[in-house]
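Colleague: Could you walk me through how to read a sheet and the helices packed on it?

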Amino acid sequence: MISPPKSVLGRIIDDLGSTLVEVVAGEPDPSRPVGGVLIHDPLDEPSGIPDPLVLGVGVYGAGEVAALVERSAALGAAAVIVRSPVEVDGRLKEAVAESGVPVLGLTPGASWAPISALLRSLLAVDEAGEAHTTGEPLAGDLFALANATAALLDGPVTVEDRNGRVLAFSSRQDEGDEARIATILERQVPYDKLRMLEERGAFHELYSSDRPVYLDTIVDKPRVAIGIRAGGEILGSIWVVVREPLTEDRDRSLMEAAKVAALHLLGRRAGEDVGGRLRADLLAKVLEGGSGAADAAARLGLSAHPACVLALAVTGQFSGPDRVAVAQRACQALTLHLSAVHPQAATAQLDEIVYAILPAASDEAALRVAQTFLERIGVRVSAVIGLGRTAARPAELRRSRTEADRALRVLRSGRSPLRAARLTDVWVPSLLLEVADRVSVEDDLSGAAVTRLRAYDAQHGTALTETLSAWLDTFGDVIAAAAAVHVHPNTFRYRLKRLAEVAGLDLSDPEARFEAMLHLRLTKPGG
């Protein structure tokens with residue numbers, strides 16, 4: 001096996017492929033070295049990365065792009081990447097010609113965060129290959145293994161864990177289909193593809209065999225996959241985009257690659273398990289409060305800044321294993337997002353809830369972060385986030401966690417249309433839920449007016465409870481209430497009189513009206 005070539009601009013452009021980037025101005029030098037990735041910030045001094053690829057996030061228009069090229073030339077940039085379509089005018093052409101810095105256009109719809117991670121991963125692959133000169137990939141280097149396997153099997157490779165998360169990938173991914181490109185961009189197999197593979201038995205076939213499995217009817221381009229095993233346990237899988245079934249020799253090569261990948265994943269899991277458990281334990285200790293909270297916060301680096309607690313839960317219809325897997329993906333995505341906001345943000349998954357402690361100057365700032373995250377994940381992961389108030393000291397984070405849990409409960413119950421909320425945003429629904437808990441456990445409402453109405457409706461097939469609810473919701477406006485339940489106003493007036501008799505309810509009494517309204521809000525039919 002051959003180690004990957006050195007990081008040069010030509011190879012990176014080839015690896016990204018025309019599906020992700022295109023040259024829009026200048027002539028890239030294929031042999032130009034690339035030393036790192038730099039995200040353009042007009043208000044910050046650039047870091048000293050040699051020969052960077054400059055990502056022009058939020059840079060639009062020929063004038064702005066030309067200014068970015070000129071500034072990047074002073075940094076010794078290898079190239080500039082901006083969002084397509086790119087307007088190329090005389091000034092931009094002149095800036096590119098004088099600086100020698102070409103401009104690449106990023107395809108519309110591709111997110112900057114995955115592109116940045118993808119570029120850094122490609123550079124990491126090259127660094128590993130450059131450091132290793134024996135001709136074989138290091139067992140601990142999954143990216144080098146993926147590239148070597150791709151060279152042997154003549155197809156782009158991904159190494160994935162059991163949840164479809166991409167752990168490593170080879171070059172030449174632009175030779176794959178749309179499903180593969182989406183997988184690389186998000187570093188995760190799309191959820192609908194995972195479900196389709198599961199429903200068609202692909203995972204059962206893959207995990208029940210120790211040999212490569214050829215799949216040609218599930219996605220656009222055929223795949224060969226093999227499970228990564230250790231001691232009878234499935235650790236993940238290797239996937240190769242191919243044109244036809246593998247030969248016997250190539251089958252053996254893929255089986256050997258799976259053994260090497262197993263050694264890597266076992267070592268990686270041992271380190272991650274210890275580190276992840278430690279971080280989760282420290283975060284849980286901070287959230288619980290008590291004598292050890294301050295020390296745990298200090299070990300997490302959270303003592304120096306005001307911070308608040310975020311509590312994220314996955315919504316939607318998922319079974320137990322699916323819900324856990326989706327929550328894990330949400331935790332990974334939230335961790336990545338918050339780390340870009342503040343390097344000291346701490347995230348951990350406790351059961352099905354993902355908790356984060358985010359250093360933030362105010363509740364409003366934290367809410368904006370949560371809203372931005374939910375907007376970025378869109379419908380790919382259905383989730384809601386509750387937030388507690390900002391705590392000036394670690395000792396106050398327990399209260400922030402309690403508030404985040406209360407807000408999250410409201411959002412999960414569907415009593416609010418919001419996807420992210422502070423307790424102050426959903427205080428009344430939260431209070432109603434808590435009162436409803438007490439009512440359901442401690443209080444007997446069998447003699448209450450609404451209870452009598454519901455019992456009468458159930459026995460006689462009437463709709464008196466619905467009538468009362470409509471009348472209260474419209475502040476006693478009979479015409480509007482009748483329209484809401486689709487009956488004639490005279491019919492509604494008769495029902496209103498009848499329900500007052502059945503329930504023993506004085507509708508002219510404001511206290512009685514309030515009690516009935518509260519009872520309807522607190523209890524479901526039959527409560």
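Modeller: We have an open sheet of 5 strands, ordered β12-β13-β11-β14-β15, with mixed pairing; two strands pair if DSSP finds at least two bridges between them. Helices (H or I, at least four residues) and strands (E, at least two) are DSSP runs, numbered from the N terminus. This is a predicted model, where local features need pLDDT of at least 70 and side-chain atom pairs count only at pLDDT 80 or more, while totals for chains, interfaces and linings use all residues. Residues are numbered from 1 along each chain as its sequence is written, and side-chain values use heavy atoms, leaving out hydrogens and water.

Colleague: Which strands stand at the edges?

Modeller: β12 (346-350) and β15 (420-422) do; each has a single partner strand, so one side of each lacks a neighbour in the sheet. From one strand to the next, the twist averages 20 degrees.

Colleague: How many bridges join β14 to β15?

Modeller: In general, strands of a sheet pair through backbone hydrogen bonds, either parallel or antiparallel. Here β14 (residues 383-387) and β15 run parallel, joined by 3 bridges. Ile385 stands opposite Ala420 in β15.

Colleague: Which strands does helix α12 lie across?

Modeller: Angles run from 0 to 180 degrees between N-to-C directions, with axes being lines fitted to C-alpha atoms, for helices over the stretch in contact (heavy atoms within 4.5 Å). Helix α12 (residues 363-377) lies across β11 (307-314), β13 (353-359), β14 and β15, at about 165 degrees to β15. Helix α13 (residues 397-413) also packs on the sheet, touching β11, β13, β14 and β15, and its direction makes about 30 degrees with that of β11.
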